[in-house]
Amino acid sequence: MTTALPQNNARFLLAARPVGAPKASDWQYTTQSVEAPADGEVLVEVLYISLDPAMRGWMNEGKSYIPPVALGEVMRALGIGRVVASRHPGFAAGDHVTGLLGVQQYARVAGSGLTRVDPALAPLPRYLGTLGMPGVTAYFGLLDIGRPQAGQTVVVSGAAGAVGGVVGQIAKLKGCRVVGIAGGADKCRYLVDELGFDAAIDYKTQDLKAALREHCPDSIDVFFDNVGGETLDAALSHLARGARVVICGAISQYNNTEPTRGPANYLSLLVNRATMTGLVVGDYLPRWGDAIREMAGWMAQGQLKAREDVVSGLENFPTALLKLFKGENHGKLVLKV
């Protein structure tokens, strides 16, 4: 029996390179006919789309760790969905898969770029968060680059986000003192009361440098940065000897209309014999499964918690994406198609 293919596919195309924060005119919402997969391809009904800060960088023209989204192309995004039709030997209709599916209802993609997931083991959005790219980013960024040791102090910016919350929890599992930086009293309470951070700093109401001195009396051994700008400067001013700074992102800078602001006091790296290293999670693809297995084990034991912030409706993509840059999301931001 052959299952009839869906007729139309709604999708968001990149219509213009954003200047500052993306706006409605930067997108084109269109529909097209759905085509059957060719040899080696899979047609996927997209169920959830991951909304990530990195998407803002993918819209810019210029050299980066990944080519930019071309004008007129479907906006790039990680997603999770159900296989509708397959001409790849590794997948069958009904399988749940994750990969670069784009901001659309249906994705016709190469099966080689997909990974099967089991919805019985975890809710599907979790495979876009703690058991997906953000969790793996946190795992390797902290453990491979940050190299925390028991008793050391780890500070995380963007700590209530999808990556930062996992970083802090893994650091606690490794016996570290963990201080999170987040915006708002609710997020700070969440870090301490639910995720087990030792302290949280509200950058919106507190003097960041003074708070770091208070909560990190022995200075910072590992700084995991998702924010950049003034937050990075404040942390660099309070490094311990031999500190490791992990540059995961710089969300405070992504919508700048002026050149990106770099660290003003980078000589602290020299004085403290510290290192600052960039992190691109794609470098760890060969070890991806190792990270997922260990984190799934921690979750099963109740040692690692996760939270998703789910927005419904593909048509709400432009406004939902902006929640990231306004600090309005609580946990991993996901769009339910």
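Is R126 buried or exposed at 19% relative accessibility? I opened my notebook with this question, and I record that the model I consulted is a predicted one.

**Entry 1: R126 and its partner**

I looked up R126 and found that it counts as buried, because its relative accessibility is 19% and the limit for burial is under 20%. I then looked for a partner of the R126 side chain. It meets the side chain of E308 in a salt bridge, with 3.0 Å from N to O. I noted where the two residues lie: E308 belongs to strand β14, residues 308-312, while R126 is in the loop between β7 (115-117) and α2 (133-146), so the pair ties together parts that are 182 residues apart in sequence. E308 counts as partly exposed, at 21% relative accessibility.

**Entry 2: Other salt bridges**

I looked up the total and found a count of 14 salt bridges.

R287 and D144 join their side chains in a salt bridge of 2.7 Å, N to O. R287 is in the loop between β13 (275-278) and α8 (288-300), and D144 is in helix α2, so this pair ties together parts that are 143 residues apart in sequence. I checked the accessibility of both residues. R287 is partly exposed, with a relative accessible area of 35%, and D144 is partly exposed with 30%.

R307 forms a salt bridge with E194, and their closest N and O atoms are 3.4 Å apart. This pair also links distant parts of the chain: R307 is in the loop between α8 and β14, and E194 is in helix α4 (residues 185-194), 113 residues away. R307 is partly exposed, with a relative accessible area of 29%, and E194 is partly exposed with 38%. I also recorded a network in which salt bridges with shared partners join E35, E41 and R108.

**Entry 3: Charges over rings**

I returned to R307 and examined its surroundings. Its charged end sits over the ring of Y190, 3.9 Å from the ring centre. I found a further case at W58, where R76 lies over the face of the ring, at 5.3 Å from its centre.

**Entry 4: The nonpolar cores**

Which residues touch the most other members of the largest nonpolar core? I found that they are L191 and M295, in a core of 48 residues. Helix α2 gives the most to this core, with 7 residues. Domain 1 (8-128 + 308-336) and domain 2 (133-282) both give residues to the core, so it lies between them.

I listed the contacts of M295, leaving aside residues up to four places away in sequence. M295 touches T130, L131, G135, V136, Y139, V166, I170 and L304. I also noted a second, separate core of 31 residues, which includes A77, L101, V109 and A320.

**Entry 5: Aromatic pairs**

How many aromatic pairs does the count come to? I found 6 aromatic pairs. In one of them, F12 and Y29 are tilted, with 4.7 Å centre to centre and 40° between the planes. F12 is in strand β1 (residues 8-14) and Y29 is in strand β2 (residues 27-33), so far as position is concerned, and the two are 17 residues apart. F12 is buried, with a relative accessible area of 5%, whereas Y29 counts as partly exposed at 44% relative accessibility.

I then looked up W27 and F317. Their ring centres are 4.9 Å apart and their planes stand at 75°, so the pair is edge-to-face. The angle decides this, because planes over 60 degrees apart count as edge-to-face. W27 lies in strand β2 and F317 in helix α9 (residues 317-326), so the pair ties together parts that are 290 residues apart in sequence. Both W27 and F317 are buried. Finally, I recorded that F12, W27, Y29 and F317 form one aromatic cluster.

**Entry 6: L51**

My last entry concerns L51, which is placed in the loop between β3 (41-50) and α1 (54-58). L51 is buried, with a relative accessible area of 1%. I listed its contacts, again leaving aside residues up to four places away in sequence: L51 touches F317, A320, L321, L324, K332, L333 and L335. I also looked up the separation of L51 from I170. Their C-alpha atoms are separated by 23 Å, and the two residues are 119 residues apart along the chain.

Methods: Residues are numbered from 1 along each chain as its sequence is written. This is a predicted model: local features need pLDDT of at least 70, side-chain atom pairs count only at pLDDT 80 or more; totals for chains, interfaces and linings use all residues. Side-chain values use heavy atoms; hydrogens and water are left out. A salt bridge is a side-chain nitrogen of Lys or Arg within 4 Å of a carboxyl oxygen of Asp or Glu. Helices (H or I, at least four residues) and strands (E, at least two) are DSSP runs, numbered from the N terminus. Buried means under 20% relative accessible area, exposed over 50%, partly exposed in between (1.4 Å probe, protein chains only). A nonpolar core is a set of buried Ala, Val, Leu, Ile, Met, Phe, Trp, Tyr and Cys residues joined through side-chain atoms within 4.5 Å. Domain bounds come from an automatic or database domain assignment. Contact means heavy atoms within 4.5 Å. Rings of Phe, Tyr and Trp (its six-membered ring) pair if their centres lie within 6.5 Å; planes under 30 degrees apart count as stacked, over 60 as edge-to-face and the rest as tilted. A charge sits over a ring if NZ of Lys or CZ of Arg is within 6 Å of the ring centre and within 35 degrees of the ring normal.
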